[in-house]
Amino acid sequence: GPLGVLMEGARKNAVRKEIFAALPYDRIPSFIQALYHLEGTSRWMMMFAILTASRMKAVRLATWGEIDVEKRIWEIPPEHDKIKDPKRDRTIYLSQQAIEVLEKVRPNLPRADDLIFKADNGGSFSDAATTALIRRMHARQKALDGTGWIDPDKSKREGKICIVTAHGTARSGFRTWAKDDRLGNNRRYDQEAAELCLLHCKASDDYHGAYDRARLSTERQRLMNDWGKFCFSLVTDKC
């Protein structure tokens, strides 16, 4: 109606949301391989974020009580999620590779409230620590190939070197891989399931939102299993 006409100008002039620099998905196996050659817990945290296509806050603050290894699921609590709706499905399905990463940092008798990924001071890692890890990796890789770990598309658009981010690589990397038509993944996987793997809400119009309660759990588990295999495709016992 009339209000929509008035708001049209505001929508056109709205500031575009920042796009996080992301590593092209086909370089993620090499990135994972590089992480294996580092030291410290932060590398496992980064790997887990990529394998679960998750936001870093949820990963940094994750506790052992949120993990069910037998069912291979991770239940993110509302306080660690971007959206606080108590009815929201926050289940992350874990691949075998994600379970293996958890085993790397699992203590003998973890308490439910123990952090999974602990910094040297015993607390949670900060976003700054994650950024520092990526920048060290970038410097090392650039010395090897002259390029480093950058987002080539964003670097071209902005006319400057854009080093990848954890958020962009974990989430954009997974979403692009799941839909890429060169691999046939656009037909191989249910795209709504891919959105649910990212904890993106379903469309909630008056009809579909009220009646569509499908969790697509089997397809989501299949997606994460295949993503885990892809991410670890260059990892060998020698790494």
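I start with a side-chain pair: E219 and R222 are joined by a polar contact of 3.0 Å. A polar contact here is a pair of N or O atoms within 3.5 Å; within protein, one must be able to donate a hydrogen and the other to accept it, and residues adjacent in sequence count only if both atoms are side-chain atoms.

Two remarks on the source. This is a predicted model, in which local features need pLDDT of at least 70 and side-chain atom pairs count only at pLDDT 80 or more, while totals for chains, interfaces and linings use all residues. Residues are numbered from 1 along each chain as its sequence is written, and side-chain values use heavy atoms, with hydrogens and water left out.

E219 is found in helix α12; helices are DSSP runs of H or I, at least four residues, numbered from the N terminus. Is E219 buried or exposed? E219 is buried, because its relative accessible area is 17%, and buried means under 20%, exposed over 50%, partly exposed in between, with a 1.4 Å probe and protein chains only. Neighbours within four places in sequence aside, E219 is in contact (heavy atoms within 4.5 Å) with R188, Y189, D190 and A193.

M224 also has its place in α12, which covers residues 217–231. M224 is buried, at a relative accessible area of 2%. With neighbours within four places again left aside, M224 is in contact with residues including L51, T52, F174 and C197.

Now the packing of α12. Two packed helices are described by the angle between their axes and the distance between the axes. The axes are lines fitted to C-alpha atoms, for helices over the stretch in contact, and angles run from 0 to 180 degrees between N-to-C directions.

α3 and α12 pack at about 135 degrees, axes 9 Å apart. That makes α3 oblique to α12; angles under 35 degrees count as roughly parallel, over 145 as roughly antiparallel, 65 to 115 as roughly perpendicular and the rest as oblique. I50, L51 and T52 of α3 meet M224, W227, G228 and C231 of α12 in this contact.

Helix α2, residues 28–36, packs on α12 at about 65 degrees, with the axes 8 Å apart. That makes α2 roughly perpendicular to α12. The contact is made by I28, P29 and I32 from α2, and by W227, F230 and C231 from α12.

Terms used: Helix = DSSP H or I, 4+ residues; strand = E, 2+ residues; numbered from the N terminus.
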